[in-house]
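This report looks at how a protein surrounds its ligand, and then at a few individual residues elsewhere in the chain. Please keep the sequence and the structure in view while reading.

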Amino acid sequence: MKNRTVLVTGGGRGIGFAICKAIAQLGGNVAVLDALLEPVEEFLTLESRYGVKTFYERADVTQQASLESAFKSVLKQARSFQGCVTAAGIALDKPFLEHQWEECQRVLSVNALGTFWTAKLMAAHMSNHGQGGSIVMIASIAAQGIKVPEQNLAIYNMSKAAVRGLVGPLAVELAEMKIRVNSISPGVILSPMTNALKTEYPHLLEMFENAAPLKRIGVPQDLTPIVSYLLSDASSFTTGADFVITGGMHAGVSPSYVKPKDVA
Ligand SMILES: NC(=O)c1ccc[n+]([C@@H]2O[C@H](COP(=O)([O-])OP(=O)(O)OC[C@H]3O[C@@H](n4cnc5c(N)ncnc54)[C@H](O)[C@@H]3O)[C@@H](O)[C@H]2O)c1
């Protein structure tokens with residue numbers, strides 16, 4: 001990743017930050033756009049630890065003026081981008097019949113349109129500098145149309161299916177500009193978004209750990225190798241693809257999860 005700069009939306013914490021750290025460890029510079037006032041403290045150590053450049057700009061990916069001016073500002077400092085990861089996202093977990101208009105519009109706005117407009121800004125920039133690049137979108141196991149037991153994520157599922165739906169058309173349309181577009185679909189990953197599993201819903205955490213064929217819940221570091229791969233030239237023949245990383249949960253539930261007393 002040397003001599004490359006990757007823009008990461010939602011890179012201020014959680015999965016997005018883990019991706020920033022992985023890029024820095026591989027010698028790449030990172031520019032973050034995030035709604036948080038400031039990123040996690042460790043972000044500020046990346047420059048001195050890995051000898052790279054980092055840039056942070058507060059932005060709301062749902063607001064045109066905010067997104068465009070923050071993009072312009074980090075671009076001015078970074079000079080050019082060769083990669084982009086759209087990790088900014090929010091979740092909503094409640095029964096379908098309790099979903100409300102405004103909160104649903106917010107979820108679609110952040111997850112689907114925030115990804116769309118960021119990708120458009122980035123594609124225009126990569127097309128202008130002529131070198132192309134790689135765009136990686138963070139979708140979700142939820143995009144596969146799967147209802148996870150005990151969770152009710154209707155509008156979130158829909159927003160992430162929209163992200164997946166964007167990958168194919170962009171991959172084809174942007175290929176002649178040497179821009180590759182792929183997504184990853186993580187399963188349950190411990191992050192600030194899912195921290196409540198530990199504190200408020202430990203039974204759910206246990207259920208996920210038991211249900212996954214690989215018998216554990218994910219951590220952000222489970223996702224960083226595939227994102228680094230997709231950002232690098234090692235994946236130069238890969239575009240329009242989605243990579244599902246769930247500990248096997250998208251394929252089925254661990255056989256040992258079904259206890260004899262459950263089937264009796
Ligand atoms: N944690 C999981 O189990 C899981 C699973 C699959 C997919 N994902 C996806 O991975 C991505 C990262 O999630 P995470 O678990 O690290 O959550 P997180 O809440 O820790 O991080 C999300 C980041 O997005 C930022 N953000 C939210 N709204 C924004 C906006 N309007 N403008 C700019 N930034 C905004 C937040 O400030 C935060 O830094 C999300 O897209 C999420 O949907 C998470």
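## Classes used for the shell

In sorting residues by class, Ala, Val, Leu, Ile, Met, Phe, Trp, Tyr, Cys and Pro count as nonpolar, Asp, Glu, Lys and Arg count as charged, and the others, Gly among them, count as polar. By this scheme the shell around the ligand holds 17 nonpolar, 7 polar and 5 charged residues. The model discussed here is a predicted one.

## The ligand and its surroundings

The ligand is surrounded by 29 residues, of which R13, I15, D34, Y156 and S191 are the closest. Three helices, α1 (14–25), α4 (101–129) and α5 (154–174), each contribute at least two residues to this shell. The space that the ligand takes up is the largest pocket.

For G187, a polar backbone atom is found 3.5 Å from an oxygen atom of the ligand. Of the 830 Å² of accessible area that the ligand has on its own, the protein covers 95%.

## A buried strand residue

Strand β5, which spans residues 133–138, contains I138. Is I138 buried or exposed? Because its relative accessibility is 8%, and buried means under 20% relative accessible area, I138 counts as buried. In sequence I138 and N182 are 44 residues apart, while in space their C-alpha atoms are 8.9 Å apart.

## Two loop residues with positive phi

Most residues other than glycine have a negative phi. Against that background, R79 has a phi near 75°, a positive value in a residue that is not glycine. R79 is located in the loop between α3 (64–78) and β4 (83–86), and with a relative accessible area of 71%, over the 50% that marks an exposed residue, R79 is exposed.

K178 also has a positive phi, of about 65°, although K178 is not a glycine. The loop that holds K178 runs between α5 and β6 (179–186). Why does K178 count as exposed? The relative accessible area of K178 is 52%, and exposed means over 50%, so K178 falls in the exposed class.

Technical notes. Residues numbered from 1 in each chain as written. Predicted model: local features only at pLDDT ≥ 70, side-chain atom pairs only at ≥ 80, totals over all residues. Heavy atoms only, no water. Near = heavy atom within 4 Å. Polar contact = N/O pair within 3.5 Å; in protein donor to acceptor, adjacent residues only side chain to side chain. Areas by Shrake-Rupley, 256 points an atom, 1.4 Å probe, with all protein chains shown as cover. 1 Å grid on protein atoms, 1.4 Å probe; cavity = no way out; pocket = protein on both sides within 12 Å on 5 of 7 lines; lining within 4 Å. Sits in = over half its atoms within 2 Å of the grid points. Helix = DSSP H or I, 4+ residues; strand = E, 2+ residues; numbered from the N terminus. Buried < 20%, exposed > 50% of the residue type's maximum accessible area, 1.4 Å probe, protein only.
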